[in-house]
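Work through the exercises below with the sequence and the model open. Try each task before reading its solution.

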Amino acid sequence: MRKYWAYLIGSVAVVVIALVATVVVGNVPVLGLDLQGGVSVRLVPAGQVNQDSLNVAVDIIRNRVNGLGIPDADVSREGSNVVIDLPGVKDRDKARRLVGRTAELRFRPVLAELPPASKGAAPADDATKAAIASCDSDAISSLPSVPTTPAPDDRADACVVLLNRAQEKQQIRYLLGPAALTGKDTSGAKSEFAQGQGYAVSLNLKGSGQDKFNQLAQESFPKQPPQNSVAIVLDGVVQSAPRFQTANFGSGPVQITGSFTQGQASDLANVLKYGALPIRFDESKQSVQSVSPTLGSDQLKSGIAAGIVGLVLVAAYMLLYYRLLGVVVLLGLGVSAAATYSLVSFLGQHGGGLGLQNITLTLAGVTGLIVSVGITVDSYVVYFERLKDEVRAGKTVRSSVDRGFTRAFKTIIAADLVSLIGAIVLYVLASGSVKGFAFFLGLATLLDLAVSYFFMHPLVVILSRRRALVRVPVVGIASGLDTREATA
């Protein structure tokens with residue numbers, strides 16, 4: 001009996017402590033896109049793509065989205081398309097730009113600053129193209145109009161005229177020389193606050209990249225402004241054009257400044273850190289779908305209402321059919337519910353720390369939890385029906401609870417194992433919301449095994465030791481087993 005009391009008290013204590021800690025800390029389940037609203041971005045590759053490259057792109061996009069501070073986002077494949085669900089996101093344009101950006105990073109020497117392009121300026125003629133190709137800043141400055149280099153002509157080995165990131169404020173364009181190094185020469189980046197300079201980006205370079213950057217610094221540092229600057233170009237736009245403060249940076253990181261806000265520094269660092277996508281997406285086929293928070297709230301309420309109705313029906317049936325043992329079922333469901341809530345809340349907030357993607361609760365996940373109620377109740381039914389067989393064979397209730405559980409638990413393990421295998425297969429092979437259904441179904445199945453062994457069986461054993469609870473008319477254990485002649 002001490003063992004059973006220890007199992008019962010220990011299991012209840014663990015669940016109660018976990019639930020109290022969850023409430024005190026303020027952890028709550030992280031709701032998915034279909035429950036809290038947000039945006040869903042669908043990226044369509046341009047042409048045929050290699051599946052390995054597509055998988056790499058999915059991983060990079062997932063890292064970028066997580067870097068945006070959206071750890072509960074879901075990035076998945078649907079055929080050859082990439083779908084990014086961003087729950088609770090308001091600035092969908094920002095997210096769309098970052099997740100699909102190809103991140104072509106180039107470091108170019110600044111040859112000259114140019115005024116903004118004239119409105120309605122004609123495309124570059126042959127003379128203008130020749131002047132830009134010559135990289136002669138004096139020849140270009142003498143031209144009446146210099147157009148911005150279009151994207152198809154923005155080659156790494158050519159001189160170009162590109163817009164500054166904040167051209168709407170500073171009205172500056174740059175004449176830039178061929179790229180001295182590219183994003184392939186970088187190894188990482190992070191945003192930080194630099195005392196006296198504001199927000200900045202600390203850029204780490206590979207060995208070859210460090211040599212190239214130092215060579216560029218040696219050539220540019222002695223020159224007069226703006227030719228003592230380096231333009232950091234991302235997707236054809238000058239993100240920053242800082243001046244060299246030294247002719248040699250040694251082997252340490254390079255600090256990039258440029259009147260960044262905190263968000264701009266973070267965005268630039270994220271794109272640089274997570275690198276270029278190995279495939280190109282067709283922007284004309286890109287779609288963005290908004291999901292209303294009101295619709296998500298209605299779906300959540302409907303799901304909870306369905307769960308409550310199901311639980312009430314199950315509770316009524318268990319109480320009518322198994323009497324006092326039906327109370328054991330209700331208490332077990334309560335323990336399972338508390339454990340599930342604590343685990344889902346913890347994994348939603350801290351799943352990444354365990355090497356898992358943070359778990360979000362979607363409508364499919366709610367469905368999985370509701371379905372798991374049936375799996376849990378089945379375990380009690382299997383045990384109680386085995387008790388009936390033992391008692392009807394002439395054994396006492398007290399002697400039947402252990403023998404019956406030993407045999408019933410084998411059946412419970414087999415049944416739960418089938419559900420668990422199905423959940424694992426679904427989780428591995430499926431995508432999107434089906435993964436959520438599979439995960440929560442598998443989680444509830446594992447909890448069912450633990451609750452059956454450490455709570456259900458010990459509680460039934462303890463109750464069976466009370467003669468009054470076994471023999472009490474109408475509601476006793478004997479009545480629930482439909483064997484009123486049973487002895488305690």
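**Exercise 1.** Decide how helices α13 and α14 are oriented relative to each other: roughly parallel or roughly antiparallel?

Solution. Step 1: locate the helices, α13 at residues 397–429 and α14 at residues 433–464. Helices (H or I, at least four residues) and strands (E, at least two) are DSSP runs, numbered from the N terminus. Step 2: take the angle. The two axes come within 8 Å and cross at roughly 175°. Axes are lines fitted to C-alpha atoms, for helices over the stretch in contact, and angles run from 0 to 180 degrees between N-to-C directions. Step 3: classify. Angles under 35 degrees count as roughly parallel, over 145 as roughly antiparallel, 65 to 115 as roughly perpendicular and the rest as oblique. Therefore α13 and α14 are roughly antiparallel to each other. Step 4: sort the residues of this contact, which are 22 nonpolar, six polar and five charged. Here Ala, Val, Leu, Ile, Met, Phe, Trp, Tyr, Cys and Pro count as nonpolar, Asp, Glu, Lys and Arg as charged, and the others, Gly among them, as polar.

The model is predicted: local features need pLDDT of at least 70, side-chain atom pairs count only at pLDDT 80 or more, and totals for chains, interfaces and linings use all residues. Residues are numbered from 1 along each chain as its sequence is written, and side-chain values use heavy atoms, with hydrogens and water left out.

**Exercise 2.** Describe the surroundings of L369.

Solution. Step 1: find L369 in helix α12, residues 363–392. Step 2: judge its exposure. Buried means under 20% relative accessible area, exposed over 50%, partly exposed in between (1.4 Å probe, protein chains only). L369 has 21% relative accessibility, so it counts as partly exposed. Step 3: list contacts (heavy atoms within 4.5 Å). Neighbours within four places in sequence aside, L369 touches T340, L361 and F440. Step 4: check a C-alpha distance: L369 and G442 are 73 residues apart along the chain, and their C-alpha atoms are separated by 9.3 Å.

**Exercise 3.** Which strands stand at the edges of the four-stranded open sheet?

Solution. Step 1: write the order, β3-β4-β2-β14, with antiparallel pairing. Two strands pair if DSSP finds at least two bridges between them. Step 2: β3 (74–78) and β14 (287–291) each have a single partner strand, so they stand at the edges. Step 4: inspect one pair. Five bridges join β2 (residues 38–43) to β14, and V41 stands opposite V288 in β14.
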